[in-house]
Amino acid sequence: MKANQTILALLTSLLASVSSAVAQETLVVNSWGGAYEKLHKQLVFEPFEKANNVKIKVVTVYSADTLAQLRAQKGAPQYDVVHFSGGQEVVAAREGLISPIKPQELPNAADLYPFATEGMARGEGPVHLVTAIGLLYNEKKVPNAPKAWKDLWKSEYGDHLVLTDLSNSYGLLGFLMMNKVWGGSLDNTKPGLEKVGELLNRSVIISSSPEVQQNFAQNDAWIAAFSQDYAHVIRQSGQPVKFLLAEEGAPAVFFTANLVAGRPNQALAKKLIDFELSPEVQAAFAREMRYSPTNRKTKLDDNVASEVVFGDAVKSLVRFDPAQVDSSRATLIENWKKLIAR
Amino acid sequence: MNKYHDDWIIAAPGILLLCFAFLVPVAGIMVLGIKNPDGSLTISYIERFLTDAYYLGVAWRTIKLSCIITLVCAIAGFPFAYVMARASPNLRVWLMILITLPLMTSVVVRTFGWMVLLGRGGLLPEALYLMGFVRRNYSLMHTEAAIIIGMIQILFPFMVLSIVGVILRLDPRIEEASRVMGCSFLASVKRVVLPLSIPGIVAGSLLVFTLSVSYFITPSLLGGARLPVLAGSIYETATKSQDWAFAAAQSLILFIGVLILLIPYISLTRKSHG
């Protein structure tokens with residue numbers, strides 16, 4: 001009996017090693033397209049593929065759609081690691097779509113700032129990058145540089161405004177901030193909707209990140225409410241676009257890397273998540289697109305450090321409670337659609 | 001009887017595929033739209049749609065645009081199809097290539113092409129500006145006209161191919177007879193060819209109409225967030241608001257709406273033209 005078991009165990013381990021040698025393991029992950037996905041591949045996926053002899057299949061899906069897909073695939077999940085930027089990890093964790101990770105399972109988790117790991121206790125993935133939402137403006141075109149969110153309502157910017165649809169995480173956070181400066185709250189989005197309604201005839205509404213760049217390049221945009229990462233991309237492309245952390249505060253976008261539940265390759269998936277938390281990867285993200293690192297061991301060059309909110313300063317960014325945002329999301333998006341529809 | 005039996009066996013794989021890959025999932029989605037989370041039947045989602053001016057507006061825009069698209073395709077498609085059918089075989093091949101070639105390119109790619117042509121400084125607005133019709137910053141993007149232009153380009157081949165098939169089957173001697181009897185060319189086309197090609201025009205219109213009410217990529221890219229159409233609204237409700245039941249209810253309404261429009265259309269044309 002015992003001998004049988006040993007032989008069986010030997011055979012299975014042999015089989016396993018053979019099959020892994022033959023079929024390269026594959027991880028399926030999502031990324032968000034545009035300049036971010038390009039960088040994500042270059043800094044994370046490609047080095048990880050080489051170092052671990054795996055194949056990473058990247059699917060371009062925004063956070064909200066990713067959550068919708070995870071729900072639809074609940075019986076047979078297709079992703080190994082999912083990235084969220086709109087707080088969807090709160091919902092995914094609550095619905096059991098993602099697996100909790102213990103901080104000790106990720107070697108780099110010990111070096112993260114507390115804000116990056118606090119969600120892990122609720123079953124969410126760690127925060128690997130942070131970016132801020134503020135105002136992008138063309139420094140050569142605007143008569144006066146904006147200082148505050150409320151400056152968007154100044155008539156001197158004419159019809160050169162760019163607003164972002166709320167189906168986009170950045171657009172949602174930018175809107176919530178505008179709502180906040182006009183006296184609204186997560187429970188009461190009326191002030192924001194009313195005030196943004198005043199801007200509609202002067203603005204172009206976009207829904208994906210590359211469109212911001214396109215509007216500055218081709219459509220004579222002067223000022224846009226968007227994020228620091230793309231502000232840097234646009235500036236690198238040679239346009240005189242500057243990023244402003246508005247004086248009323250800048251909402252933080254937390255990028256989380258989450259482990260999908262019910263997938264066979266969780267150990268490898270965790271390794272990928274841990275790799276995204278490493279100081280080297282985060283320093284490169286900060287250098288290339290001005291993302292704020294969440295690992296306190298990350299070393300930034302001076303010129304990068306001066307432009308990036310990092311360390312404990314991240315706490316000064318405005319953080320909207322993702323659970324609360326989620327509970328009002330559907331109603332808010334519907335009201336928004338009604339507001340903007342012609 | 002036996003022969004009939006064999007037919008069924010031959011058709012079985014196709015029917016099974018249609019059942020399990022189409023009818024069952026579609027029925028599942030439809031049911032989702034009239035069910036409460038606890039499983040009891042409800043019309044609350046349908047009611048929500050029908051009592052909300054916003055969604056009725058979205059539905060109206062969808063129908064209006066689809067009607068315009070269908071009409072333009074039919075008006076432009078019939079003469080094109082007639083020329084194609086009556087042209088020399090050599091020329092017909094070239095026209096066929098011309099009309100089907102765009103189908104080889106992805107809809108998304110063609111839509112992006114339109115975005116370039118219709119956007120600020122694009123070919124069309126620039127031409128209008130040079131002719132003095134519009135101001136310099138004029139853009140056709142994010143207008144209903146952009147949706148109509150983009151959709152016509154995509155759906156035009158369906159209309160032409162449906163009509164051409166019918167005209168090709170017409171006996172040219174009928175036309176010759178009408179000319180001999182004293183019809184001018186235009187009168188012969190109007191009084192002989194057009195009535196006889198109605199089945200093709202109807203088939204093409206049905207195809208174009210049903211495709212255009214259910215398209216969402218082109219309208220959402222060319223129309224932007226401020227001009228929602230029904231298919232785009234279903235997509236947004238399902239993925240952005242994550243409200244599957246309401247999305248299913250909207251699909252159900254779209255489905256029933258198309259049926260209501262189509263059934264009388266088909267039966268009417270069947271009655272008058274055998």
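**View 1. The two domains of chain A, as given by the domain assignment.** Chain A is assigned domain 1 (22-130 + 252-312) and domain 2 (133-249 + 321-340), with bounds that come from an automatic or database domain assignment. The model is predicted, and local features need pLDDT of at least 70, side-chain atom pairs count only at pLDDT 80 or more, and totals for chains, interfaces and linings use all residues. Residues are numbered from 1 along each chain as its sequence is written, while chains are lettered from A and ligands numbered from 1 in the order in which they are written. Taken over C-alpha atoms, the centres of domain 1 and domain 2 of chain A are separated by 26 Å.

**View 2. The side of domain 1 of chain A that touches domain 2 of chain A.** Domain 1 of chain A brings 14 residues to the contact and domain 2 of chain A brings 17 residues, two residues being in contact if their C-beta atoms, placed from the backbone, lie within 7 Å. On the side of domain 1, at least two residues each come from α2, α3 (63-72) and α4 (88-94) of chain A, where helices are DSSP runs (H or I, at least four residues) numbered from the N terminus. The largest share of this side, three residues, is supplied by α2(A).

**View 3. Helix α2 against helix α11 in chain A.** The axes of α2(A) (residues 34-52) and α11(A) (residues 279-289) come within 11 Å and cross at roughly 145°; axes are lines fitted to C-alpha atoms, for helices over the stretch in contact, and angles run from 0 to 180 degrees between N-to-C directions. In this contact, A35(A), Y36(A), L39(A), L43(A) and V44(A) of α2(A) meet V281(A), A284(A), F285(A), E288(A) and M289(A) of α11(A).

**View 4. Helix α7 against helix α10 in chain B.** The axes of α7(B) (residues 144-169) and α10(B) (residues 198-214) come within 8 Å and cross at roughly 155°. The two helices α7(B) and α10(B) are therefore roughly antiparallel to each other, a term used for angles over 145 degrees. Among the residues in contact are M151(B), L155(B) and F158(B) of α7(B), and L207(B), V208(B) and L211(B) of α10(B).

**View 5. The contact between chain B and chain A.** Chain B gives 18 residues to this contact and chain A gives 19 residues. On the side of chain B, the elements that give two or more residues are α3 (53-86) and α12 (230-239) of chain B, and the largest share, three residues, comes from α12(B).

Key:
Parallel < 35°, antiparallel > 145°, perpendicular 65-115°, else oblique.
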